[in-house]
Amino acid sequence: MTDSAAEDARFLTRNAVEALPEGVLERQLGEGRPLRVKLGIDPTAPDIHLGHTVVLRKLREFQDLGHTVVLIIGDYTARVGDPSGRSATRPVLSGEQIDANAETFQRQAFKVLDADRTEVRRNGEWLDMAMEELFGLARTATVAQLLERDDFAKRYAANEPISVLELLYPLLQGYDSVAVRADVELGGTDQKFNLLLARQIQQAYDVPQQSVLTMPILPGTDGVQRMSKSLGNYVGVTEPAEAVFGK
């Protein structure tokens, strides 16, 4: 860490889209302790592409300043499917697929992250909860609040199906921040609703609220849509150099 929390905050937020709430990250940095910086990744595909590395590189910057990265492999949230930016329900993956993808994701993430400063957790550790605990979590938000999400609002207005399970997704992601006592959470701009809702959930569980850093979403090789394995417009981090150069 440097001698100035303000200097560290400027460095860490210089290419982020938003740092919310304003001024909170600087205050946290001023506490002079290593922060717990969280990123959750659902292993819905086996490989990491350059779009993922936008956030991973920011996490590495936190590590280089002496902070601890908490990388959450969403083995349970992957069974739900993150509805962020989706116009339809995600397909359901088998447990075997999710576990295999999780192993690959973790190995590839360490191409960017310092493994010695990374705490890897699977959210199945705490989301395999009793029904009474799930009821308590469900009480922390309202249906009206969840339907304010842009993707849910559009699907609801278009009379497209939204499963109850999908409505639970932001709550499950928010509970991850409770379980690991996250000080900071990173994500793409499409994750803003989930990241801010996690602050509300932390408050409900009497856990200090995290600050939020959103990062830009990388366009794919088509120059139009976001980089995505499912769209085939991605550059994988383990592809041969010739393929990466060509793309």
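User: In this predicted model, what is the relative accessible area of Y205?
Analyst: The model is predicted, not experimental. Buried means under 20% relative accessible area and exposed means over 50%, with partly exposed in between. Y205 falls in the partly exposed class, as its relative accessible area is 28%.

User: Which residues form the aromatic pair found in a search of the whole structure?
Analyst: The search finds one aromatic pair. Its rings lie 5.3 Å centre to centre with 70° between the planes. Planes over 60 degrees apart count as edge-to-face, so the pair is edge-to-face, formed by Y175 and Y205.

User: How many residues apart are Y175 and Y205?
Analyst: Y175 belongs to helix α10 (residues 164-180), while Y205 is in the loop between α11 (192-204) and β6 (211-215). The pair therefore links distant parts of the chain, and the separation is 30 residues.

User: Is Y175 buried or exposed?
Analyst: The relative accessible area of Y175 is 14%. The cut-off for buried is under 20%, so Y175 is buried.

User: How are α10 and α11 oriented to each other?
Analyst: Two packed helices are described by the angle between their axes and the distance between the axes. The axes of α10 and α11 come within 8 Å and cross at roughly 60°. The contact involves residues of α10 including Y169, L171 and Y175, and residues of α11 including F193, L197 and I201. The crossing of α10 past α11 is right-handed, and the helices are oblique.

User: How are α1 and α3 oriented to each other?
Analyst: Helix α1 (residues 5-13) packs with helix α3 (residues 50-64) at an angle of about 160°, the axes being 10 Å apart. F11, L12 and T13 of α1 meet K58, E61 and F62 of α3. Angles over 145 degrees count as roughly antiparallel, so α1 and α3 are roughly antiparallel.

User: Which residue lies over the face of Y234?
Analyst: A charge over a ring occurs at two places listed here: R149 lies over the face of F152, at 4.7 Å from the ring centre. For Y234, the distance to the ring centre is 4.5 Å and the residue is K247.

User: What is the relative accessibility of N123?
Analyst: N123 sits in the loop between β4 (118-122) and α6 (124-127). Leaving aside neighbours within four places in sequence, N123 is in contact with I72, I73, G74, D75, Y76, T77 and D176. N123 counts as buried, at a relative accessibility of 0%.

User: Which residues does L93 contact, leaving aside neighbours within four places in sequence?
Analyst: L93 is in the loop between α4 (77-80) and α5 (95-109). Once those neighbours are set aside, the contacts of L93 are P43, T44, I98 and N101.

User: What is omega for the peptide bond from L20 to P21?
Analyst: Most peptide bonds are trans. P21 is in the loop between β1 (18-20) and α2 (24-29). The bond from L20 to P21 is cis, with omega near -20°.

User: What is the phi of N159?
Analyst: Most residues other than glycine have a negative phi. N159 is in the loop between α9 (150-157) and α10, and is exposed at 72% relative accessible area. Although not a glycine, N159 has a positive phi of about 60°.

User: What is the phi of D206?
Analyst: D206 is in the loop between α11 and β6. The residue is exposed, with a relative accessible area of 71%. D206 is not a glycine, yet its phi is positive, at about 55°.

Notes
Residues are numbered from 1 along each chain as its sequence is written. This is a predicted model: local features need pLDDT of at least 70, side-chain atom pairs count only at pLDDT 80 or more; totals for chains, interfaces and linings use all residues. Side-chain values use heavy atoms; hydrogens and water are left out. Rings of Phe, Tyr and Trp (its six-membered ring) pair if their centres lie within 6.5 Å; planes under 30 degrees apart count as stacked, over 60 as edge-to-face and the rest as tilted. Helices (H or I, at least four residues) and strands (E, at least two) are DSSP runs, numbered from the N terminus. Buried means under 20% relative accessible area, exposed over 50%, partly exposed in between (1.4 Å probe, protein chains only). A charge sits over a ring if NZ of Lys or CZ of Arg is within 6 Å of the ring centre and within 35 degrees of the ring normal. Contact means heavy atoms within 4.5 Å. Axes are lines fitted to C-alpha atoms, for helices over the stretch in contact, and angles run from 0 to 180 degrees between N-to-C directions. Angles under 35 degrees count as roughly parallel, over 145 as roughly antiparallel, 65 to 115 as roughly perpendicular and the rest as oblique. A crossing is left-handed if the near helix is turned anticlockwise from the far one by less than a right angle, and right-handed if clockwise.
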